[in-house]
Amino acid sequence: MSIDELSIGLERPPSRLALEGSALFLDLDGTLAPIAKRPEDVGPDRRRNDLLSRLAARMQGRLAVVSGRSLDDIDRILEGRVVCAAAIHGLVRRDTRGVVGEAPPHPGLASARASLKDFAASDPRLLVEDKSLSLTLHYRLAPDRGQEAIDLAERIATITGLTLQPGDMVVELRTPGASKGDAIRAFMAEVPFKGAQPIFLGDDLTDEHGFFAVRQMGGYGVLIGPQRRTTAIYRMEGVEEALSWLEGAA
């Protein structure tokens, strides 16, 4: 099996999530929280955060959030309820002991930052999110500028050697290094995750490496959102269905 072996027409996951013997990995935006126009518009939610606390307790810590957001932003939104977290698509990881490891920043980020900010200054609908190890250009409010944004990011990636990470109405330039799949593999090598069946819920193209990783390890991915080609095995319609499915097990 390779990451290119994609499938469409996915079925719903089992009606009840079996927590015993499972390890749960969860994306944040588009999976646990609805996509917002601006990243700062996503904030704490009592229903979601209480659910994560219950799941982590019932699973004896075999739960991690795997997100493209910074670690500080994950903790802000989840109010520090989840210890194990991978941030910036796997470039930063906090383990079960609370120890944080992260990649060194790429030297090309400085020039990329200047170029993206110059571009965004031309249109108040564009937003540059600086996550120290990566830069994300959001064009959700300016879809007509999307192709320009992508073309610019591609040129910058070619010049600087930064990794180009496409997403849902965003384009990201990140320090080369670990992916979400690598972060999941690292968690699965550690207690209490070791030996469990990994399950990963995600919505975006950035989650495909995670879907591939759990499938390689005998687990499965659940795509949240519309049908598309993916390495996930199952699919749910959106955030509400995902939360309800998780609540059924908690």
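**Backbone geometry and burial in the predicted model**

Ile88 is buried, its relative accessible area being 2%, where buried denotes under 20% relative accessible area, exposed over 50% and partly exposed the range in between, computed with a 1.4 Å probe on protein chains only. The structure is a predicted model, in which local features need pLDDT of at least 70 and side-chain atom pairs count only at pLDDT 80 or more, whereas totals for chains, interfaces and linings use all residues. Residues are numbered from 1 along each chain as its sequence is written, and side-chain values use heavy atoms, with hydrogens and water left out.

Ile88 lies in the loop between strand E3 (85-87) and strand E4 (92-94), helices (H or I, at least four residues) and strands (E, at least two) being DSSP runs numbered from the N terminus. Although Ile88 is not a glycine, its phi is positive, at about 50 degrees. His89, found in the loop between E3 and E4, likewise has a positive phi, of about 60 degrees, without being a glycine. His89 is also buried, with a relative accessible area of 5%. A further backbone feature is the cis peptide bond that joins Val191 and Pro192, for which omega is about 10 degrees; Pro192 is placed in the loop between helix H5 (180-188) and strand E10 (197-202). As background to these features, most residues other than glycine have a negative phi, and most peptide bonds are trans.

Ala85 belongs to strand E3 and is buried, with a relative accessible area of 1%. When neighbours within four places in sequence are left aside, Ala85 is in contact (heavy atoms within 4.5 Å) with Val65, Leu71, Val92, Arg93, Arg94 and Phe187. The C-alpha atoms of Ala85 and Glu172, which are 87 residues apart along the chain, are separated by 20 Å. Ala56, in helix H1 (residues 46-58), is partly exposed, with a relative accessible area of 21%. With neighbours within four places in sequence again left aside, Ala56 is in contact with Gly61 and Leu63, and a separation of 30 Å is found between the C-alpha atoms of Ala56 and Thr136, 80 residues apart along the chain.

Thr231 is located in the loop between strand E11 (220-224) and strand E12 (234-236) and counts as buried because its relative accessibility is 1%. The side chain of Thr231 makes a polar contact with the side chain of Glu208 at 2.7 Å; such a contact is a pair of N or O atoms within 3.5 Å, of which, within protein, one must be able to donate a hydrogen and the other to accept it, residues adjacent in sequence counting only if both atoms are side-chain atoms.

At the level of the whole chain, the protein has seven helices and 12 strands, and 53% of its 250 residues count as buried. The radius of gyration, taken over C-alpha atoms, is 18 Å, which agrees with the value near 18 Å for a compact globule of 250 residues under the rule of 2.2 Å times the number of residues to the power 0.38. The C-alpha trace spans about 50 × 40 × 40 Å along its principal axes. Among contacts with a separation of 6 or more, 61% are accounted for by residues 24 or more positions apart.
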